[in-house]
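Please go through the structure below chain by chain and helix by helix. The notes that come after it are meant to be read alongside the coordinates.

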Amino acid sequence: MSLILNVFSVAAIGAGVFFFLAGTVGLLRFPDPLSRLHALTKADNLGLGLIVLGLLPRTESLLAALMLVAVWALVQLAGATASQLVGRAVRRKGPAA
Amino acid sequence: MSVLAALDVGLACVVFAVAAWTVFASGAFAATVGYVVYGLLLSLVWIRLFAVDVALTEAAIGSGVTGVLLIGAAARLRGAEATPPEEGPSGSTRLVAACLCVLVAAALAAVVLLLPDQGPTLAPQAMERLPETGLGNPVTAVLIAYRSFDTVLEKVVLVLAVVGVWSLAADRYWGGAPGEARAEPPEPTLAFFAQVLAPVGILVGVHVFWVGADEPGGAFQGGAILAAMWMILMMARLTEAPQSNAIRLRLALVAGPVVFLAAGVAGVAVAGGFFAYPAGFEKPVILFIEAFMVLSIAVTLPMLVAGPPRREPRR
Amino acid sequence: MTSATLAGLVGAALVGLGLYGVIVDPQPLRKILAFNLIGSGVFLVFGIVARKGAAAGLQSDPVPQAMVITGIVVAFAASALAVALTLRLFEQTGRATVRPDVEAEAPGAGADSE
Amino acid sequence: MSDGGSVIAETAGGSLLPLAVLVPAAGMLISFLLGGRRAERIALGLMPVQFGVSMAIAGFVWRSGEPLVYVLGGYLPPLGIALRADGFSAVMLVTASLIMPAAGLYARANFATPPGATERRGPLVVWALMQAVQAALSLIFLGGDLFNLYVALELLTFAAVPLVCLDGSPETLAAALRYLMFALFGALFYLLGAALLYGAYGTLDIVLLSQRVRAEPAVWVAAGLMTAGLLAKTALFPLHLWLPPAHANAPAAASAVLSGLVVKGSFFLIVRLWFNVLQSLPTAVPGTVLAALGSAAILAGSALALRQERLKLMIAYSTVAQIGYLFLMFPLASGPWAPEAFSGGVMQTISHAFGKAAMFLSAGLIAESLGHDQIAGLGGAGRAMPVTFLALGLGGLSLMGLPPSGGFAAKWLLMKASIEAGQWVWALVMLGGGLLAGGYLYRALAPALSGERPIMKRAPKRGSEVVALALALAAVVLAFAPPAFFAFLQIGRPAASVALR
């Protein structure tokens with residue numbers, strides 16, 4: 001049982017790290033703000049989600065697990081808001097900004 | 001273990017690289033953003049040093065609130081960006097400065113390497129007297145009991161900083177609210193975000209303060225989170241910045257240090273000395289003081305970020 | 001080399017780096033950033049001192065940790081005052097610099113202001 | 001003396017020590033809370049209390065002949081924090097508690113709030129910050145723990161910087177920003193040194209450190225960093241650049257406090273560092289370096305003062321020079337002449353505090369009455385406002401080191417000590433500095449006594465003139481300090497270890 005959980009954790013966290021890596025590369029390499037945002041939110045959303053998922057079996061209490069999920073949810077909320085605001089600023093000032 | 005060591009080296013390199021970026025980046029705004037990243041990375045270093053309380057403080061205040069302050073300033077200073085090149089010091093000055101800095105860093109590094117692996121420590125004494133404070137977190141015990149005099153005076157420093165920042169107001173704005181009155185409507189996305197986040201954040205802030213008695217956390221970290229919530233609400237314009245002559249605002253600003261000072265003086269009557277806690281009632285008294293400190297921190301940090309009054313007072 | 005010593009060396013390097021920024025950079029905002037770098041370097045030195053004082057079941061001496069927490073809060077207050085001064089100066093003059101050769105020798109200065 | 005033994009918990013009268021800090025700190029908080037006219041009342045009302053506490057502390061030190069000690073919260077150092085008062089602390093406390101009310105009375109003329117008026121910016125800031133300066137200085141004079149003293153240094157910075165730019169003009173803002181930068185640099189380097197000392201010895205308590213410190217690399221680096229930081233805050237040449245614009249453009253009452261007292265705060269800590277914490281270190285080389293910088297400050301500061309066109313800037317540059325004298329006590333710290341040198345240094349600290357405060361207040365009155373403070377435009381002003389110029393001149397006596405003045409007593413003691421020690425060069429520097437001081441004072445005062453008729457905007461306020469004159473007279477009266485006063489200064493001076501060097 002614990003072996004399966006460990007394999008699951010490693011796989012999920014590994015995948016999460018991959019998404020973060022990909023998102024970071026995208027952030028640095030993509031040409032315009034909107035596509036950069038796209039890359040960044042992927043890292044936030046999927047990367048962090050997978051890492052949290054991988055960590056869940058390793059938590060000691062239900063409260064800790066809830067906190068981990070709450071972290072993910074709050075980052076989602078903040079990321080979505082920030083992307084909205086950045087996107088709007090881009091539209092207002094033009095993509096050159 | 002070696003994986004961790006490799007991670008440590010990697011983290012150290014990244015921290016140093018981002019720090020170098022904040023010094024050498026060409027634009028002030030980019031440098032400021034670099035500083036915020038740097039602060040977050042630094043809290044990871046603090047976790048690796050097993051100083052979780054410090055990591056929380058660094059993330060909340062060192063990186064978070066300071067970041068908001070500096071990014072706001074950088075945005076407003078954008079007009080001054082184009083500094084004529086002749087304002088910078090000459091090449092020889094730079095060389096001398098660089099030599100001096102390398103010298104200081106090298107001397108410091110040498111001393112760091114010379115420090116014994118098992119250094120002198122006050123940890124045993126701190127643990128020995130921990131039971132009599134009723135607390136479980138030794139860092140909180142240092143802040144609020146063993147070295148409470150430092151902490152209370154540092155709260156006075158925060159109030160002084162508010163006086164200093166407000167003193168930069170124009171005379172006609174004295175007593176008014178900080179921040180310019182803005183005409184455009186509030187950003188709906190931001191307002192929604194603030195409405196959802198604020199209740200959660202307030203809960204988290206109070207939680208961090210409350211567990212700080214026994215686990216990592218405490219008045220500073222909890223207060224900083226509450227401060228962030230208030231700042232977000234003000235940014236979303238769900239609430240207005242208060243007038244600087246409002247007695248309630250001033251009461252909230254000084255409540256922490258005043259209650260702490262009063263408790264310290266009361267110690268003479270009930271516990272036999274300044275800043276001594278009455279036997280058997282240490283923990284409730286400490287939590288009482290901390291509650292007011294949380295309030296003051298939560299109000300002081302946003303006021304320091306908001307800057308001097310910039311609107312005429314309503315009478 | 002332990003991770004504590006490594007952090008200490010980073011701290012030493014940060015102090016040097018920040019000091020360079022403070023001396024060389026003409027813009028006050030950049031100087032404020034550099035001061036914060038020095039500050040965090042100083043705090044890291046406290047950090048390794050704390051880590052090397054691990055004893056009595058603690059991974060880290062709590063006394064320096066508490067000092068760092070106090071220091072971080074004071075550093076923020078200092079940044080806030082410096083930023084407010086910089087912005088006010090910028091508001092009034094349209095530039096932001098503390099070059100030493102811009103001496104304060106305005107005519108009529110010296111009388112008390114109200 | 002507590003040198004040999006472990007930490008003393010509390011001495012008789014020890015509980016006065018926290019009061020000296022808490023009274024002005026609480027006053028500041030309540031003033032800010034209540035605001036308006038009440039801020040002024042609280043500030044002025046607490047000043048006699050502060051004086052009483054300071055005198056009581058001095059009385060206890062005098063009676064016991066030993067430093068007072070108070071341990072806060074019952075937590076003995078190294079875990080907790082102790083406050084200590086020796087002779088030097090007590091004298092500085094009393095000096096501060098005399099100069100603050102003088103500046104306060106003077107400030108009342110410019111920063112009063114009429115009854116019923118709404119709160120205004122200048123008055124509230126001045127009354128709150130004056131009390132904050134008082135609290136910070138008390139803590140610096142009494143602090144027994146190096147980190148607690150770091151908090152005190154920051155407290156002093158936050159109290160002093162906004163006083164500089166109270167008028168909000170661009171040049172004062174630039175001066176205040178530069179002052180803040182030097183102060184931040186100073187505080188951070190001081191803190192860095194403290195971190196290294198804690199790493200080496202596991203305590204920041206001054207008495208415990210003084211027993212444990214040995215001459216090893218960590219200590220030398222820490223001492224260098226802390227001294228460099230404190231020198232920046234004290235504005236010793238060549239780190240003096242921030243001082244003249246900051247001190248010369250602040251409101252007169254603030255200038256008096258900044259120049260008379262605030263720079264003495266960080267100087268006091270340098271003395272604490274080298275005379276208490278590092279007493280077991282050989283001090284010949286660092287002492288000589290400090291005195292050499294001091295000599296450079298005396299000559300450069302005086303020469304620059306000679307070239308100034310504004311009276312307040314001239315007085316500010318003379319502060320740069322007079323700070324230099326303070327550092328001549330360091331190479332004379334060991335040997336039979338050490339008590340003399342120490343007394344001379346302390347005497348210079350307090351006589352300059354009184355004299356300089358008197359001069360800045362006088363200069364403020366002159367600037368107000370004439371509408372400017374250009375030295376070239378002072379012709380005949382001495383006849384129009386004799387009391388003001390008398391205060392200015394008497395304050396100047398101390399700068400030149402002419403009898404009868406505290407400055408004379410100070411320079412005489414330092415000169416005697418340096419001749420006894422065979423270190424003639426310091427005596428020559430002092431003579432040169434005195435001549436230069438005579439030069440710049442003559443340049444300002446001589447035209448003022450001419451027969452010209454100055455254009456007066458308004459007559460100086462009588463009360464303010466009396467305050468300035470009282471401060472100047474205090475600087476003069478110090479010349480007649482009895483031997484018992486000098487014995488008092490030695491209380492708690494760690495002399496035992498000096499013989500070992």
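Predicted model: local features only at pLDDT ≥ 70, side-chain atom pairs only at ≥ 80, totals over all residues.

Residues are numbered from 1 along each chain as its sequence is written, while chains are lettered from A and ligands numbered from 1 in the order in which they are written.

Chain C contains 3 helices and 0 strands, in the order α-α-α along the sequence. Helices (H or I, at least four residues) and strands (E, at least two) are DSSP runs, numbered from the N terminus. Of its 114 residues, 75% count as buried, where buried means that 20 or more other C-beta atoms, placed from the backbone, lie within 10 Å of the residue's own. Contacts are counted when the C-beta atoms of two residues, placed from the backbone, lie within 7 Å. Among contacts in chain C between residues at least 6 apart in sequence, 51% link residues at least 24 apart.

The predictor's confidence in each residue is pLDDT, on a scale from 0 to 100. Its average over chain C is 83, and 82% of the residues score at least 70. In chain C, confidence is lowest in α1(C), with a mean of 91, and highest in α3(C), at 94. Over residues 100-114 of chain C the pLDDT is below 50, yet this stretch has 36 contacts in the model beyond near neighbours in sequence.

Where does chain C meet the other chains? With chain D, the contact takes 38 residues from chain C and 42 residues from chain D. On the chain C side, α1 (3-24), α2 (28-52) and α3 (62-93) each supply at least two residues, and α3(C) gives the most, with 14 residues. That side divides into 25 nonpolar, 8 polar and 5 charged residues. Here Ala, Val, Leu, Ile, Met, Phe, Trp, Tyr, Cys and Pro count as nonpolar, Asp, Glu, Lys and Arg as charged, and the others, Gly among them, as polar.

With chain B, 71 residues of chain C are in contact with 80 residues of chain B. Several helices of chain B each supply at least two residues to this side, including α1 (2-24), α3 (52-76), α8 and α12. The largest share, 13 residues, comes from α3(B). By class, the chain B side has 56 nonpolar, 13 polar and 11 charged residues.

Two packed helices are described by the angle between their axes and the distance between the axes. Axes are lines fitted to C-alpha atoms, for helices over the stretch in contact, and angles run from 0 to 180 degrees between N-to-C directions.

Within chain B, α11 (residues 247-271) and α12 (residues 282-306) pack at an angle of about 145°, with their axes 8 Å apart. Their contact includes B:Phe260 of α11(B) and B:Phe292 of α12(B). The contact residues are 16 nonpolar, 3 polar and no charged.

Among the contact residues are B:Phe149 and B:Leu153 of α8(B) and D:Phe147 and D:Val151 of α5(D). This contact has 14 nonpolar, 2 polar and 3 charged residues.

Technical notes. Buried ≥ 20, exposed ≤ 12 C-beta atoms within 10 Å, placed from the backbone.
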